[in-house]
Each structure stands twice: as C-alpha cells, then as structure tokens.
Amino acid sequence: MEGLVERIYTKPSVPPVIAITEVGHINSTELLDCGMAFDDTSKRPILKIFNHHGGTVEEEDTSRKESVKKYLVLRNKKTNKVLIYGTKVMYLKKPDYFKTKTFEDDSLTDKNHEFNKVFGTRKSIRMSKSRINDTVDSKTDVFDNISSSSDMLESSFSKPNPFSIYLPDGSNRFSNKLDLVYPVSTLLNESEIDLMTDYAKQIISMLPIKSDNEDLTRFFIVNIQKLSHKSIQNICLLTFADGLVQLLKYKSADLNYANFVLYPNCEVINDKVLDNFLEFRITGRDFSSKMKDKCVCHIIIILILINKNTFDLSWVSPFLPMSSQKRLIMLMKVVGATPVKDDKTKYTLKLPLPSLPTFIKTPKRSR
C-alpha cells in the first residue's frame, strides 16, 4: 500500500483495541452493546460487551499479555494519506455467569445456554441444547425411600469395560443384524449426511477417480476404488474415516495452532473429528493414546460397514502410523472382528459379537 503518512499516534489517550478471543464467535442475531470502560483500580481502559439482560458477556483476561506491538493503519481513499495508531491488544475471557448479579435462579434456568446463545462455539451450543433436552423433572423426595448402603450398590453394579469408550455410542454387541450392531446413525446422523450430500455427489461425478488426484488423499482414493456400492451414505462414511486417518498423522502440539483446519475438503467432518476425537485440557487440544485407539476402531467399523461385513488389513494398515499398526490386531478384537480361516489378513464380524477383551493395565517399567 502506497500513501503519505499524515500523522502517527504512538500513544493515544484512548488507543484502539484489538480484541482476541478463543471462546467462539459473536452471534449477530443477539442485541449486543459494546463499549469501553475504565477499571477503577488500575485506571486502564477495558473493552466490555453487554447483552440484552445487561450482564457482561465478555471482558479482558488480564493474565494474558501480548508481547508484540501492533498498529492500526487507516488510509483516506481521497487524499491517500495514512494515519497510524498504536493499539492495545487484549485477550477476552469466558465470563462466569454464576457470579453475575444480573441473573437470578428464577429468571434464567440455564445460564450456560444463555451464554452460548450470545457468544459460543458450535460444540458448546450443541452440548448445552442436549443438556436441556435430556433434562428429566423429578420430585425432591425421590431419594427419600432408598435404604441401600453404598457397599450394596457397589456390589450390584459391574465396572464398565475401558474398551467401550473406543466404540460408537449406541453399539449393540448382542444383536444378530449388522445394522443394529453398529448403526450408521451412531457414526453420522441424518442431518450430517444431509449436509455432506452435495460433497458426496461431487465425488460420484468424478468417478472413476485417478490415482494421481491431488484434491483427495491416497487412503480415500484406494478405498473408494475397492468400494462395490458407491452410494452417498457410503461415501460420507468413507470421508469420515479419511478424516480420522488424517488426524492420526498429527501430534498434540500440531493441533493447537490458531485457526487449525484438519480436513479442508469437508467442514462437517473437520468439526466432527476435532470435537469428538480429542481431549481438551488447560494447555489446549490433547491427542492421547486413548483417542488414537478410538480413531482406529471407528475406521475399522466404517470400512466393515461400507464393504458389507468384510475387512482387509491392507485397506488401512499402510496409512496408519507405526504405533497404531502395532495395536491394529488388538483393536480388531475390540471391534469384534475375527479373521477368516482361509486368509488371516481378512476379517469379518460373526454375529452376535463376542464380549469385549479384558483390559490389562501394563505396569510401568522400573528404571
């Protein structure tokens, strides 16, 4: 940009503010009011956002500081002169509605849902809606007549198998039908498939896909060529498996960059994988060994479903990191797949499935 600098404001009395948030996006449909306020103790300007209830939606996180100086450059199109302002950079923090005096228990039943409506991520909005839908009204004296001791309760319930978290919610190992053992809806629901329909139709229009196609991954090309029934549902499922294969190539540190995109080909799969196959800690996204095993199990299940209850190790093994390849046979047992007698590289599901293998915790090696 070429222009004559008219004036430089390095230290304006009230500098422009660049607000950085990692919470989510501001929903434009809400009635929001934004303005500057001065902290009585520090006498510093603070950006605050208010919603229609009057409560603070977001304020500065004073524990985080920006080490790099930033400037705001404004150009006058008519005169081509430039004004340069020194800016104040602040990080915004998620508010604690439980400490906001504006909200009372009777006037607002779900404070988290109210926050997510005004300012929140897609995942937090879905979670808050599901909590409201799953709420069950009960009387306050529902537990009055319970006389069982804690010892009796502990003995009456068996501990869940740790391997169960690797499988889709809603799986039924005791069914004699494949579509009930691992229903497609537990992997991709109807609305997600609807959103991916245009993408799946685009893939179908490209068939047969050449092996040197740069827009699709090697895993996707190899497996769609082997796919006998190339329906929209099967292509959506294969895209899901492809997103999980791509995730296995990353480490936790690689996933914590700002605006990280895992699967640019399909936004639905990108969001689904990042929301459901990573653990979130104080330091950010964490791709633990447990989540890696969960990814591999879902990949195996998807390939079995779209290939009519058959699975070949060559379909996935070359595309997995070495650590996942070593655990592949064990994870086949978790899924319930058993090898075919004539060919040990091929697997199938014999229904109903056997029980989950026993989880054995390996002891730490002594130094």
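Glu279 pairs up with Arg281 in a salt bridge (a side-chain nitrogen of Lys or Arg within 4 Å of a carboxyl oxygen of Asp or Glu), and the closest N and O atoms sit 2.9 Å apart. This is a predicted model, so local features need pLDDT of at least 70 and side-chain atom pairs count only at pLDDT 80 or more, while totals for chains, interfaces and linings use all residues. Residues are numbered from 1 along each chain as its sequence is written, and side-chain values use heavy atoms, with hydrogens and water left out.

As for accessibility (buried is under 20% relative accessible area, exposed over 50%, partly exposed in between, with a 1.4 Å probe and protein chains only), Glu279 is buried at 16%, whereas Arg281 is partly exposed at 48%. Arg281 also forms a salt bridge with Asp286, where the closest N and O atoms are 2.8 Å apart. Put together, Glu279, Arg281, Asp286 and Lys290 are linked in a network of salt bridges.

Glu279 has another partner in Ser288: their side chains make a polar contact at 3.0 Å (a pair of N or O atoms within 3.5 Å; within protein, one must be able to donate a hydrogen and the other to accept it, and residues adjacent in sequence count only if both atoms are side-chain atoms). Ser288 sits in the loop between β12 (284-286) and α9 (helices are DSSP runs of H or I with at least four residues, strands runs of E with at least two, numbered from the N terminus). With a relative accessibility of 14%, Ser288 is buried.

The salt-bridge count comes to five. One of them joins Arg327 to Asp293, with the closest N and O atoms 2.6 Å apart. Arg327 lies in the loop between α10 (322-326) and α11 (328-335) and Asp293 in helix α9 (residues 289-306), so this pair ties together parts that are 34 residues apart in sequence. Arg327 is partly exposed at 33%, but Asp293 is buried at 6%.

Then there is the helix packing. The axes of α6 (residues 218-226) and α7 (residues 232-247) come within 9 Å and cross at roughly 145 degrees (axes are lines fitted to C-alpha atoms, for helices over the stretch in contact, and angles run from 0 to 180 degrees between N-to-C directions). In contact terms (heavy atoms within 4.5 Å), Phe219, Phe220, Asn223 and Ile224 of α6 meet a set of α7 residues including Ile235, Leu238 and Val245.
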